[in-house]
Amino acid sequence: MNRGEDMAAFRCMNHPEREAAHQCARCGKPLCEECYNPDFGRCRENCADSLVKPEPKGPSAVFRVIVAILAIIGALVVLLLTICGALIFTQ
């Protein structure tokens, strides 16, 4: 029994009136020709889209903590220079 004969017993998850001709390599759903993306071997709408459009990564938590600490240190240095300057010029 080949793959096509195995899939004939299944119906497409998106189109129940159609027989499944393929199975998604990622989620395992039975799919008809319209729903199957042969370039990726996955669902056209769900699994293949995640390969084409990866979600952008934001800065890591460690990076954000380091930036916050450096900003605080910078603010303290400016405050210290302001206080020292005021003390020097007032005397």
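Reader: Which residues make the nonpolar surface patch of about 760 Å²?

Author: Patches are made of residues with over 30% relative accessible area and no salt bridge, where like charges are joined within 9 Å and nonpolar side chains (Val, Leu, Ile, Met, Phe, Trp, Tyr) within 5 Å. Accessible areas come from the Shrake-Rupley method with a 1.4 Å probe, and for residues only the protein chains shown count as cover. Here Val62, Val65, Ile66, Ile69, Leu70, Ile73, Val77 and Leu81 form the patch. One of them, Ile66, belongs to helix H3; helices (H or I, at least four residues) and strands (E, at least two) are DSSP runs, numbered from the N terminus. The model is predicted: local features need pLDDT of at least 70, side-chain atom pairs count only at pLDDT 80 or more, and totals for chains, interfaces and linings use all residues. Residues are numbered from 1 along each chain as its sequence is written, and side-chain values use heavy atoms, with hydrogens and water left out.

Reader: Where is confidence lowest, and where is it highest?

Author: The term pLDDT denotes the predictor's confidence in each residue, from 0 to 100. Where it is low, the predicted coordinates should not be read in detail. In the protein chain, helix H1 (residues 3-7) has the lowest mean, 49, while helix H3 (residues 61-90) has the highest, 94. The chain average is 82, and 81% of the residues score at least 70.

Reader: Is His15 buried or exposed?

Author: Buried means under 20% relative accessible area, exposed over 50%, and partly exposed in between (1.4 Å probe, protein chains only). His15 counts as buried because its relative accessibility is 17%. This residue lies in the loop between H1 and strand E1 (22-23). Leaving aside residues up to four places away in sequence, His15 touches Cys32, Glu34 and Cys35, a contact being heavy atoms within 4.5 Å.

Definitions and conventions: A salt bridge is a side-chain nitrogen of Lys or Arg within 4 Å of a carboxyl oxygen of Asp or Glu.
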